[in-house]
Amino acid sequence: MYALTPETRDDWWEVEALYDLCFAPGREALSSYRLRDDIPPVSGLSHVARDRDGILGGAIRYWPVRVGGAETLLLGPVAVHPTRQGEGLGGLLMHVSLQVAAEMGWARVMLVGDAPYYQRFGFTRLDHVVMPPPTNPDRVLGRELVAGAWDGVQGDVLRWDAVG
């Protein structure tokens, strides 16, 4: 049994250590990190999952970006500790946080990831959305939280603080 709670400042470094454990060295060199640099995650939306002993089992973060001027959530990273994988914790983090995102009024969410995995959560390829290079366009995926939210939204993914 896990308790999912919004990530707090006190969780930050423990979550970073989890990401370091779960992802390849150099993860912060990825283009998605350039969109996150010096931008705080969306308050109340990034979550941690802890077991009954308070041990961190997984985490998920969301960041604000703009796509063609449209406010959009960038999901990621999401990670589950290797000893906790296969227990459905990643799916729980995805489902709960996407529901919270919808309740907070966000209309659309995107990520860079493996389509076969993220399709189960309603993500599909975004053909007209361009992540900064080097990003494989087949890995740029999106999901509507409001029907029609991706209609007509296209172009470059820009930092939240980008003018224009």
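Select Arg 50 and Asp 11: the two form a salt bridge, with their closest N and O atoms 2.9 Å apart. A salt bridge here is a side-chain nitrogen of Lys or Arg within 4 Å of a carboxyl oxygen of Asp or Glu. Arg 50 belongs to strand 2 (residues 47–51), while Asp 11 sits in the loop between strand 1 (2–6) and helix 1 (12–22), so the pair ties together parts that are 39 residues apart in sequence. Helices (H or I, at least four residues) and strands (E, at least two) are DSSP runs, numbered from the N terminus. Both Arg 50 and Asp 11 are buried; buried means under 20% relative accessible area, exposed over 50%, and partly exposed in between (1.4 Å probe, protein chains only).

The model is predicted: local features need pLDDT of at least 70, side-chain atom pairs count only at pLDDT 80 or more, and totals for chains, interfaces and linings use all residues. Residues are numbered from 1 along each chain as its sequence is written, and side-chain values use heavy atoms, with hydrogens and water left out.

Next, select Glu 71 and Arg 66, whose side chains meet in a salt bridge at 4.0 Å, N to O. Glu 71 is partly exposed, with a relative accessible area of 43%, and Arg 66 is likewise partly exposed, at 21%.

Move on to Asp 161 and Arg 159, a salt bridge in which the closest N and O atoms are 3.0 Å apart. Asp 161 is partly exposed at 45% relative accessible area, as is Arg 159 at 23%. In the whole structure, a search finds 10 salt bridges.

Which residues have the most contacts inside the largest nonpolar core? They are Leu 75 and Phe 123, in a core of 24 residues. A nonpolar core is a set of buried Ala, Val, Leu, Ile, Met, Phe, Trp, Tyr and Cys residues joined through side-chain atoms within 4.5 Å. Strand 3 (56–67), strand 4 (70–80), helix 3 (89–103) and strand 5 (108–112) are the elements that give two or more residues to this core. Helix 3 gives the most, with 6 residues.

Centre the view on Phe 123. Leaving aside neighbours within four places in sequence, Phe 123 is in contact (heavy atoms within 4.5 Å) with residues including Leu 75, Met 94, Leu 98 and Tyr 118.
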